[in-house]
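Please look at the sequence and the structure before reading on.

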Amino acid sequence: MHKDSNSEVLSAGDTVTLIKDLDIKGTSFKAKRGTAVRNISLVSSNEKHIEGRVDGTQIVILTKFAKRVN
């Protein structure tokens with residue numbers, strides 16, 4: 001079961017916001033705090049990882065750095 005930083009259950013297709021500025025490996029930009037990541041997908045092999053797009057780049061986000069948007 002995937003849970004965000006507030007222990008709320010995440011589902012595929014949810015929207016989350018980042019709670020911390022994140023360096024994105026392999027790119028020259030940072031994902032800023034408060035950035036909305038829409039239509040996330042869950043990584044079935046690891047409950048601490050979700051996938052989403054930031055600035056057109058597909059990234060893996062640790063659930064501890066994401067907060068579900070209601």
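T17 is buried, because its relative accessible area is 17% and buried means under 20%, with exposed over 50% and partly exposed in between (1.4 Å probe, protein chains only). The model is predicted, so local features need pLDDT of at least 70 and side-chain atom pairs count only at pLDDT 80 or more, while totals for chains, interfaces and linings use all residues. Residues are numbered from 1 along each chain as its sequence is written, and side-chain values use heavy atoms, with hydrogens and water left out.

**Around T17**
- T17 is part of strand β1 (residues 16–18); strands (E, at least two residues) are DSSP runs, numbered from the N terminus.
- Leaving aside residues up to four places away in sequence, T17 touches G34, T35, A36, F65, A66, K67 and V69, where contact means heavy atoms within 4.5 Å.

**The sheet**
- An open sheet is formed by three strands in the order β5-β6-β7, with antiparallel pairing; two strands pair if DSSP finds at least two bridges between them.
- β5 (41–42) and β7 each have a single partner strand and stand at the edges, so one side of each is left without a neighbour in the sheet.
- Six bridges join strand β6 (residues 49–54) and β7 in the antiparallel sense.
- R53 stands opposite Q58 in β7.

Definitions and conventions
Helix = DSSP H or I, 4+ residues; strand = E, 2+ residues; numbered from the N terminus.
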